[in-house]
Amino acid sequence: MALQPITGVTSLPPVLAVPSAKVAPKSSPNHVFMSDHEKMSIGSGLGLLAGIMRSRGRVSQPLKAFENELGVQAPVGFWDPAGYTADGDEVKFKRRRETEIKHGRVAMLACLGYIVPEYTHFPGALSPSQGLFFDDVPNGLAAFTKVPGAGWLHIFLFLGIMETAWIPIDESREPGDRERCGILGVPNSAPAMRDEADRKKKLNAELANGRLAMVAIIGMFFQDGLTGSAWGDWANYPNWIFGRAFESELGVQAPVGFWDPAGYTADGSLENFARRRQTELKHGRISMLATMGYITPEITGKFSGFLSPSKGLKFDDIPNGLAAVSKVPASGWAQIIAYCAYCEVSQDQSPGTPASKGEFGFTLLTASDPAEKTKKLSAELANGRLAMMAIIGMFYQDGLTGSAWGDWSNYVDSPLR
């Protein structure tokens, strides 16, 4: 529900600050496979990361004009990656905040418009002359085909009157503030909020909920448009790209279920599926080790003694994170590459072999009970997917800030400050 601000406050909130209300995160993809396109994408991302690292130290002090405005909320704080506020223009900022509030309020109403009709409709006729009742109007996008032309005319006239006459934008007032509207937008409903802390809390909540609603309503439109159902019944979607041949495989987990939006499994090829699953397992395991490689030295410290006695290089001399790449001697890299090559060629990984399914004789994740074994293997897949996302995030923040744990105070051009 929209919460109207009161007059007399001149703060101008940031346009794209991250809300405190959590948007339900999408689960890690159930099929993270490596195609040629994905390899090209990862290569491009690593190139971008290298460019970012090279550019460190050549940036100017960032603008902080809007860091204390409404909408700057934990855990991210000020968030404007596109740099809309970089010019410090308060007029543009105020216009964008006005737009953000308006779109958020409309989106909140739209979300309610999807939910409420699932439980109840208005009684009576929507158009008596056409014999059209409210119960005849379907929920979601299908309603567009049922509302008569006169109904659309009423809607547009109402919105026009609201915009131009009843509650027009007043440049002298705070964004979202309207002269004739009280709390929750009800005209003349109540006196304005006087407690400043309570007022700020509620206005922040409105921004956060509006942002959540904008994301939610787009998701509702998308699934409604694909499935013909306001609540996204994918059984109604005949061109389902999330192929059904592999819906019972490991990794198909709640709440998303089978998830392959790129359609890699649409051809139903068992050979391609097995190859991608093998790649997914391998990358997930490497990413879990890499993530631990970031975390462990920060907590437990490093090995004692020398990494390279001939060069007088101790383990304590190796920094954590990407900076370690420049410290490891060439002979150390040769050992790493030789070990990885041995792991790759020491076992037969051809299709149909145990190794092709990720079984290398390491029995920690097995069990005699089939149900327990499936549970453990599914957990490995899920954790590997999470680790792949985590290590990329660690690389990115390390590359930007020079710190393995992303100390943004080291990145003077951070758009998140």
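Let's start with the aromatic pairs: a search of the whole structure turns up five of them. The rule here is that rings of Phe, Tyr and Trp, the last by its six-membered ring, pair if their centres lie within 6.5 Å, with planes under 30 degrees apart counted as stacked, over 60 as edge-to-face, and the rest as tilted. One of the pairs is Tyr114 with Phe221, which is tilted, at 6.0 Å centre to centre and 55° between the planes. This pair links distant parts of the chain, since Tyr114 sits in helix α2 and Phe221 in helix α4, 107 residues apart. When I say helix I mean a DSSP run of H or I with at least four residues, a strand is a run of E with at least two, and both are numbered from the N terminus.

The cut-offs are under 20% relative accessible area for buried, over 50% for exposed, and partly exposed in between, using a 1.4 Å probe and protein chains only.

Another pair is Phe303 with Phe315: the ring centres are 5.5 Å apart and the planes are at 65°, so this one is edge-to-face. Phe303 is in the loop between α5 (270-299) and β3 (306-308), and Phe315 is in the loop between β4 (313-314) and α6 (330-345), 12 residues apart. Phe303 counts as exposed because its relative accessibility is 64%, and Phe315, at 25%, counts as partly exposed.

Before I go on, a word on what you're looking at. This is a predicted model, where local features need pLDDT of at least 70 and side-chain atom pairs count only at pLDDT 80 or more, though totals for chains, interfaces and linings use all residues. Residues are numbered from 1 along each chain as its sequence is written, and side-chain values use heavy atoms, with hydrogens and water left out.

Now the overall layout. The chain has seven helices and four strands, and along the sequence they run α-α-β-β-α-α-α-β-β-α-α. Of the 417 residues, 31% are buried. The accessible surface comes to about 25,300 Å², and 62% of that belongs to carbon and sulfur atoms; these areas come from the Shrake-Rupley method with a 1.4 Å probe, and for residues only the protein chains shown count as cover. If you take contacts, meaning heavy atoms within 4.5 Å, between residues at least 6 apart in sequence, 65% of them join residues at least 24 apart.

Back to Tyr114, then, and the core around it. Which residues make up the largest nonpolar core? There are eight: Ala107, Met108, Cys111, Tyr114, Ala213, Ile217, Met220 and Ala230. Two elements, α2 (90-115) and α4 (196-227), each give two or more residues to this core, and α2 gives the most, with four. A nonpolar core here is a set of buried Ala, Val, Leu, Ile, Met, Phe, Trp, Tyr and Cys residues joined through side-chain atoms within 4.5 Å. As background, nonpolar side chains tend to be buried together in soluble globular proteins.

Ala230, leaving aside neighbours within four places in sequence, is in contact with Tyr114, Glu118, Asn139, Gly140, Gln223 and Asp224.

Let's walk along the two helices. α2 has 26 residues and reaches 37 Å from its first C-alpha to its last, close to the 38 Å expected at 1.5 Å a residue; the expected span is 1.5 Å times one less than the number of residues. At its start, a side-chain oxygen of Asp89 comes within 2.9 Å of the backbone nitrogen of Val91. Leu203 is in α4 and counts as buried because its relative accessibility is 4%. Not counting residues up to four places away in sequence, Asn204 touches Leu70, Gly71 and Gln73. Just after α4, Gly228 takes a positive phi of about 80°.

Notes
A polar contact is a pair of N or O atoms within 3.5 Å; within protein, one must be able to donate a hydrogen and the other to accept it, and residues adjacent in sequence count only if both atoms are side-chain atoms.
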